[in-house]
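We will hop between a few side chains and then zoom out.

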Amino acid sequence: MNITYNEQNRIFKLDTAKTSYCIGIVDEENFIGHVYYGRKLADDNLVYLMRTEEAPFVPSKNNRDRTSFLDAFPMEYTGNGLGDYREGTLSVKTKNGHTAVSLSYVSHRIYDGKPVLEGLPATFGTEAECKTLELLCEDSVLQLQVVLLYTVFNDTDVITRSVKIVNQGKDALYLTRVLSACIDMDNDDYEMITMHGSWARERAIQVRPIMKGKQGVSSVRGESSHQEHPFMAWKKSTTTQESGEIYGMHFIYSGNFMAQIELTQFDSMRALIGIHPENFCWKLESGESFQAPEAVCVYSAEGIGGMTRTLHNLYRKHLIRGEYKDKKRPILINNWEATYFEFNTQKLLDIARQASRLGIEMLVMDDGWFGCRDDDNTSLGDWKVNEKKIDGGLKYLVEEVNKLGMKFGIWFEPEMISPDSDLYREHPDWAIAVPGRTGSLARNQYVLDLTRKEVRDHIFDMVASVLHSANIEYVKWDMNRQLSDLGSCGLPADRQGELFHRQVLAVYELQDRLTKEFPHLLLENCSGGGARFDPGMLYYSPQIWCSDDADAIERLSIQEGTAMIYPLSTMGAHVADCPNHTVGRVTPFETRGYVALAGTFGYELDVTKIPEADRNMIPEQVAMYHKYNDLVREGDYYRIASYRENHFYDCYEVVSQDKKEALVTYIQVLNRPNYHSRRIRIPGLAPDQMYVIENAADWPEIRQTKYSGEALQYAGINVPALWGDFKGRLMHLVQV
Ligand code: DGJ
């Protein structure tokens with residue numbers, strides 16, 4: 001990695017091991033242009049790419065057509081309202097009501113390491129691991145400074161970007177749009193990859209051609225959402241999993257976002273990512289600054305898989321923190337689908353006793369243990385143990401679970417308030433609401449106004465006091481509704497537009513406090529399943545509940561989309577009971593285990609009630625988890641086949657960093673009569689080494705031989721049809 005500035009050409013060049021990113025300063029007005037992003041280049045003399053010698057020319061040579069210049073020039077970070085008619089990154093409103101902004105380069109700093117982004121989750125690295133460029137730009141009329149921050153890392157091919165705005169003028173102004181990154185480049189017949197979904201079917205991958213005009217994904221729901229995801233990529237149509245070019249942008253943020261590509265009249269593209277400007281208006285007093293969240297930019301010439309592995313490495317090494325960062329997680333059993341709200345101490349202990357005998361390591365008590373919550377209509381905000389249900393008290397329950405050799409975990413939904421709660425009766429103004437309007441309920445609950453310090457402190461104290469009261473080693477932090485009725489009693493009229501972002505900052509502050517006060521806690525984020533599975537949350541919790549849909553077949557595409565950009569170690573995945581509670585499907589217990597092994601692994605069922613044959617399989621699954629989890633968490637992930645695309649089978653692989661072993665998961669969703677075996681190619685192994693499939697003793701067709709890494713990758717193996725639907729196999733390849 002390196003960052004250089006060529007003074008003669010006025011070009012900055014940011015290098016990672018395999019990529020280069022170039023920024024140029026042009027004309028007397030010091031416009032900041034995006035020159036190049038792609039394969040690593042030795043040469044930085046790329047000024048010719050900026051078309052400053054072509055009509056309409058730079059303004060010093062042709063100010064007559066200044067708007068034409070501004071509308072075509074590849075901007076590194078845009079201004080507003082002066083002739084660049086493409087959608088931009090920054091807009092303001094001055095005290096006179098003006099909205100124009102124009103940015104010029106002033107100076108720069110290049111240094112080792114990376115600054116912390118105050119109050120925000122962000123990637124990190126030591127001085128030896130990364131280098132940062134700070135480009136200082138300004139609008140001299142507004143006396144507005146804009147600092148563009150870029151970081152490159154020594155061990156992963158990404159460039160992270162963020163933006164800080166400083167008001168040096170004497171009057172307050174309003175920021176009405178501050179996006180985090182922009183990449184302008186020529187189109188090359190790219191197609192766009194985004195992820196879409198709904199409750200219980202999050203992150204379904206969609207590929208579409210890039211058409212003239214604007215296209216993208218966004219959320220204005222106050223969270224990253226089930227519906228769309230703060231990520232987009234663009235690739236050549238010929239790019240496959242293992243070859244070809246792809247670019248991606250991912251946003252380290254958990255609230256409203258937009259990610260958009262605009263294809264212009266000149267067939268050039270502008271890719272933008274940042275906080276969604278809708279309902280955003282931030283008052284910046286004289287002397288104040290605003291820090292926008294971080295965006296990750298990635299380029300790979302090694303296909304979608306190259307991008308995937310780059311992001312996995314970045315998040316594993318430079319985003320996830322805490323005690324469990326690189327550690328195996330305890331196998332948990334969660335009582336949600338086992339009991340819903342109908343449980344008590346005895347029931348939980350029955351589950352725990354049986355679970356501990358089978359090798360399960362932690363009991364998680366889900367929703368319904370507090371206030372008088374026997375259904376989802378009441379008590380959010382009253383974080384006091386319901387001793388009618390938890391008879392004997394929480395401490396007793398936890399001690400009994402600990403005596404079984406198991407850890408104990410608990411569920412909270414700290415951001416919410418039920419209208420039927422003591423908290424609401426005492427503080428009705430603590431809910432986010434627009435005075436004079438009937439508030440929109442969702443799951444019969446409101447969102448707490450966490451922008452108010454007294455509300456944050458109260459909630460934190462209640463949660464902390466429960467956690468101090470017993471040996472609780474895990475928290476599931478849930479969030480079961482999206483934001484609406486935006487209004488805060490704590491903010492003046494001209495700051496109501498800050499509510500969405502302040503709410504996200506407040507959640508970050510609370511999770512920061514929680515993880516500092518309880519440094520040994522394993523935190524799992526969750527939002528009605530996977531509606532807040534985003535890199536922002538990963539900074540606080542090393543794992544996130546992936547989806548409320550635990551059906552093994554539905555999970556194939558949910559986990560495919562998730563694993564395209566997130567390490568497997570982050571994906572909350574459990575074996576649930578059948579018929580599945582979301583889709584009614586019946587799948588073999590064995591297959592449910594194989595699919596959950598691709599994530600954090602655990603159980604979501606009443607282990608005292610499931611069929612004996614299933615229960616008897618648990619010790620074997622537990623053993624598989626212990627055998628394979630280091631490989632799953634730390635290995636390189638390869639997507640081999642997608643059930644979403646082929647409608648028959650799914651296949652993926654994790655290869656250890658030293659290439660000594662690999663685990664291939666093969667799920668045959670549907671069997672077909674008279675179908676001969678299926679050829680699959682297994683990439684990523686050492687071509688000149690020999691491998692055996694160590695766990696195929698009962699599988700003669702596969703067991704018979706040693707395979708070279710090269711043959712496995714380019715010729716493949718024949719996997720025979722399995723008898724029946726929803727069947728699966730794990731293949732453990734070991735170097736000999
Ligand atoms: C939604 C979560 O995704 C579920 O796992 C469960 O915790 C429920 N909330 C509880 O209300």
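**A walk through the charged pairs**

Start by selecting Asp366 and Lys476, whose side chains meet in a salt bridge, with N and O 2.8 Å apart. Since Asp366 sits in the loop between β22 (362-365) and α5 (393-403) and Lys476 in strand β26 (residues 474-477), the pair ties together parts that are 110 residues apart in sequence. Both Asp366 and Lys476 are buried. Keep in mind as you look that this is a predicted model.

Next, pick Asp698 and Arg729, another salt bridge, at 3.1 Å from N to O. This pair links distant parts of the chain, 31 residues apart: Asp698 is in the loop between β36 (690-693) and α14 (700-703), and Arg729 is in strand β39 (residues 727-735). Colour by accessibility here: Asp698 is exposed, at a relative accessible area of 54%, whereas Arg729 is buried, at 15%.

Now go to Lys61 and Glu53, where the closest N and O atoms of a salt bridge are 3.1 Å apart. Are these two residues buried or exposed? Both Lys61 and Glu53 are exposed.

For a group, select Lys283, Glu285, Asp494, Arg495, Glu498 and Arg502, which salt bridges link into a network. The whole structure holds 60 salt bridges.

Finally, zoom out and switch to cartoon: the chain has 15 helices and 39 strands. Its radius of gyration is 27 Å, which agrees with the value near 27 Å for a compact globule of 736 residues. Buried residues make up 62% of those 736. Show the charges too, and you will find 79 positive and 103 negative ones, with mean positions 1 Å apart.

Methods: Residues are numbered from 1 along each chain as its sequence is written. This is a predicted model: local features need pLDDT of at least 70, side-chain atom pairs count only at pLDDT 80 or more; totals for chains, interfaces and linings use all residues. Side-chain values use heavy atoms; hydrogens and water are left out. Helices (H or I, at least four residues) and strands (E, at least two) are DSSP runs, numbered from the N terminus. The radius of gyration is taken over C-alpha atoms; the globule rule is 2.2 Å times the number of residues to the power 0.38. Buried means under 20% relative accessible area, exposed over 50%, partly exposed in between (1.4 Å probe, protein chains only). Lys and Arg count as positive and Asp and Glu as negative; His and the chain ends are not counted. The place of a charge is taken as NZ of Lys, CZ of Arg, CG of Asp or CD of Glu. A salt bridge is a side-chain nitrogen of Lys or Arg within 4 Å of a carboxyl oxygen of Asp or Glu.
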